[in-house]
Amino acid sequence: MTLPRPIKTIPADNYYLTPSCILGALSPATEPILCRLFDTLGLNWRLPGNGLESEHTCCSGILSHGDVMVMETTLLVVARLWSLAAEAGMENIATACVTSFAIHQECLELLDHEPDLPEKVDRWLREACGRALIRPKHVVHASDLVYKYRDSLAARMPHRLVEKRTGRPLRVVEHVGCHYAKVFPHLSVGGAVDCDVLAAPIRAWGGVEVDYPERRHCCGMGFRQCMIRPNRGYTMACVQKKLCSMAPYEPDLILTNCPGCGVFLDKGQHAVAELTSRQFDIPVLSYAELAALLLGWHPYDVVGVHSHTVP
């Protein structure tokens, strides 16, 4: 028996999009794609800064998970971003990064459950930068919005997830970022195991989702793994485990919603081939890149497919 997926509230509009340090560095075309997607859908949204890049900062998630920054500092950094959203007239946050999604949710939960913490953060914020603590109504990940509007996007797409020569639906493996579905599973679309945030767009856009044994296994990126040299073997072992598990099912591509997962599942294939002589060559795309390609946007000038290792 298939149990119903938990219902997640995804507001229709009024989003403040917070960019990602990792995504901007490793896949710089993706955030401009998101902006263009939101405009295509006619959403009311804003980007930090209004031309003043200095207004935006990292959410500090990479430092928090790497044990470089204490949680109180992270609370202050995130609260400042919330104040910028309120200043821009946006009541909801849309994060471009799954780690930011988890960090924002963790800060909201701490403020809900730690006595006197909201007053402390408000005081710290006023002392640091003259701002007040104003919590957003909702925090979602950008892939939630693509999920919500998948049918609207499908209606605009001149292309489908099918092989042009034969009409065969493409077989797509989806890999959902751990910081989206596993840290707060009740805040994802469908929970940790039955997450539908990427699978539903695959179906809506004409493809077939491919299940495989290690579908929910981590890509291995973490932060202490990939950033600390002696730990990097763990990252590559996870990438290899994922690839070896999905390869027998002959997927046409891997779809991700996490900047780190996309990079390690893509570039990690080259590393695994160097270490084991086993070649996989499974293309990796983010949900935003895939939507853009199906909308007919230029693969190089707009989507930036040349930033990928696997062709």
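**Close-up views of a predicted model**

**View 1. Helix H14 gives the largest share of the lining of the largest pocket, with 3 residues.** Strand E8 (284-286) and helix H14 (287-294) are the elements that give two or more residues to the lining.

**View 2. A closer look at the lining shows 18 residues around the largest pocket.** Nearest the pocket centre you will find Leu170, Leu253, Leu285, Leu290 and Leu293. By residue class, the lining divides into 14 nonpolar, 2 polar and 2 charged residues.

**View 3. The largest nonpolar core brings together 94 residues.** Leu37, Leu145, Leu161, Tyr180 and Trp205 touch the most other members of this core. Helix H4 (residues 71-87) gives the most to the core, with 8 residues.

**View 4. Here we zoom in on Leu145, one of the core residues that touch the most other members.** Leaving aside residues up to four places away in sequence, Leu145 touches Ile10, Pro11, Tyr15, Phe38, Leu43, Ala94 and Val140.

**View 5. Helix H12 runs over residues 232-246.** Its 15 residues, at 1.5 Å a residue, should span 21 Å, and the end C-alpha atoms lie 22 Å apart, which agrees.

Notes: Residues numbered from 1 in each chain as written. Predicted model: local features only at pLDDT ≥ 70, side-chain atom pairs only at ≥ 80, totals over all residues. Heavy atoms only, no water. 1 Å grid on protein atoms, 1.4 Å probe; cavity = no way out; pocket = protein on both sides within 12 Å on 5 of 7 lines; lining within 4 Å. Helix = DSSP H or I, 4+ residues; strand = E, 2+ residues; numbered from the N terminus. Nonpolar A, V, L, I, M, F, W, Y, C, P; charged D, E, K, R; others polar. Expected span 1.5 Å × (residues − 1). Core = buried A, V, L, I, M, F, W, Y, C linked by side-chain atoms within 4.5 Å. Buried < 20%, exposed > 50% of the residue type's maximum accessible area, 1.4 Å probe, protein only. Contact = heavy atoms within 4.5 Å.
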